Amino acid sequence: MKEVVAWQTAWYYENIDFSAMPFKMRELSQLIKITSFLSGKELRLKLTNYYGKEELIFDEIYVALTADMKEKQRVTALYQDTIVIPQGEAIWTDSIDLDIKVGQTIYVYMKSSQEQEYCDFKCTYETSLTNASFARSANFLPKLSDTWQSRKGWFCLEEVDVWTKANPKYLEITGDSLMEMGMITAPLMQYLMTVHPDEVTVLNTAISGSRLIHDAPHDQPIYETFGESLLSRMVRNRSGFKPELTIVSIGANDLMLPLISEVAARQKITKDNFFNAVQRLNEILEKRNSELILLDIPPFTLSHTGRPDDKELQAQKFRKELNSKLATIPETVPTSLLLEMLPCGVQSAYDFGDHMHINQAGGRVVATKLIPKIEQELFH
């Protein structure tokens with residue numbers, strides 16, 4: 001049989017809407033480290049400006065295989081050196097010749113001397129496979145930091161495709177900050193690149209602050225960046241992908257935001273509407289022929305004193321009741337009991353430091369529980 005060569009997605013981090021808190025820059029340089037899931041001979045970039053109010057202009061974009069950008073290649077679009085992304089749109093760059101292997105680290109360097117607002121944003125905290133840094137000067141090559149305690153953000157770059165004979169399956173990882181931060185996803189991605197090279201690409205569509213049922217509250221601009229509910233996003237499916245498997249972490253913000261947001265506090269969550277939403281999520285994915293793996297609701301606490309108030313203790317009681325029912329659903333992978341500390345919060349060994357998120361050790365614990373399910377659903 002003749003091998004078919006085509007463009008396939010080798011890296012995908014869906015940009016989110018930061019128009020409520022745009023990044024205003026007189027100049028910009030940004031360096032983005034990506035790791036390819038696929039081998040190939042050519043590469044192209046997808047750049048987005050979905051949420052900005054004006055077109056975006058990049059004077060120079062380069063790709064290289066080292067962070068010092070030695071032996072870099074210029075990237076063009078429509079054979080023009082200056083790259084313009086129209087407002088509300090996405091563009092593909094022209095392809096460049098580049099010999100890429102699975103697990104190859106690739107660096108994208110983007111420069112703009114224009115005064116602009118950047119609203120298409122994505123970030124990670126775990127830096128082993130994906131990393132980024134930006135500066136407010138066009139004539140500067142940012143340095144990448146490997147510390148996982150701070151956010152590493154970038155603008156506009158959403159997807160990297162390679163020209164390849166591989167025909168990968170797609171695994172979407174979505175939900176909330178537990179999936180966006182990278183602590184869980186990085187060990188999963190490393191495993192898949194090593195054990196199943198050229199067989200699967202991971203798509204990250206998670207949004208910090210995302211809820212299952214309700215869209216973002218509008219009390220504060222930072223809340224608005226939490227975006228549409230997961231149900232709304234799954235229906236809209238902006239990426240257009242139809243992944244064979246979808247892993248979801250969701251629910252913590254449905255319980256936590258009502259404790260700090262007046263708008264969210266008026267959006268009551270009951271057992272019935274939560275599980276109706278889970279059922280609806282499953283139905284949406286079934287129509288896409290995508291299997292669901294659902295994490296139960298992780299531990300959290302807003303208290304830094306170790307003495308949560310009555311409202312938070314009630315939220316924790318409700319979380320445990322929901323998890324007991326989630327445990328009866330075959331799609332659920334229970335990991336919360338491995339992470340939690342009594343009466344609430346994350347065990348110190350797994351705590352990111354804010355008592356709500358997990359660190360790299362916690363991410364490896366969750367990933368270890370997920371890998372057998374991924375093997376079962378994708379490769380057997």
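I83 is buried, with a relative accessible area of 0%. Buried means under 20% relative accessible area, exposed over 50%, and partly exposed in between, using a 1.4 Å probe and protein chains only. This is a predicted model: local features need pLDDT of at least 70, side-chain atom pairs count only at pLDDT 80 or more, and totals for chains, interfaces and linings use all residues. Residues are numbered from 1 along each chain as its sequence is written, and side-chain values use heavy atoms, without hydrogens and water.

**Around I83**
- I83 sits in strand β9, residues 83-85.
- I83 and D59 are 24 residues apart in sequence, yet their C-alpha atoms are 6.5 Å apart in space.
- Beyond its neighbours within four places in sequence, I83 is in contact (heavy atoms within 4.5 Å) with residues including L47, F58, V75 and I91.

**Whole protein**
- The protein has 10 helices and 22 strands. These are DSSP runs numbered from the N terminus: helices are H or I with at least four residues, strands E with at least two.
- Buried residues make up 57% of the 380 residues.
- Of the contacts with a separation of 6 or more, 81% join residues 24 or more positions apart.
- The C-alpha trace spans about 60 × 55 × 35 Å along its principal axes.

**Helix α2**
- Helix α2 covers residues 185-195, and its buried residues are T185, A186, L188, M189, L192 and M193.
- Seen down the axis of α2, these buried residues fall within an arc of 160°, so they line one face of the helix. The arc is that of the directions from the helix axis to the C-beta atoms.
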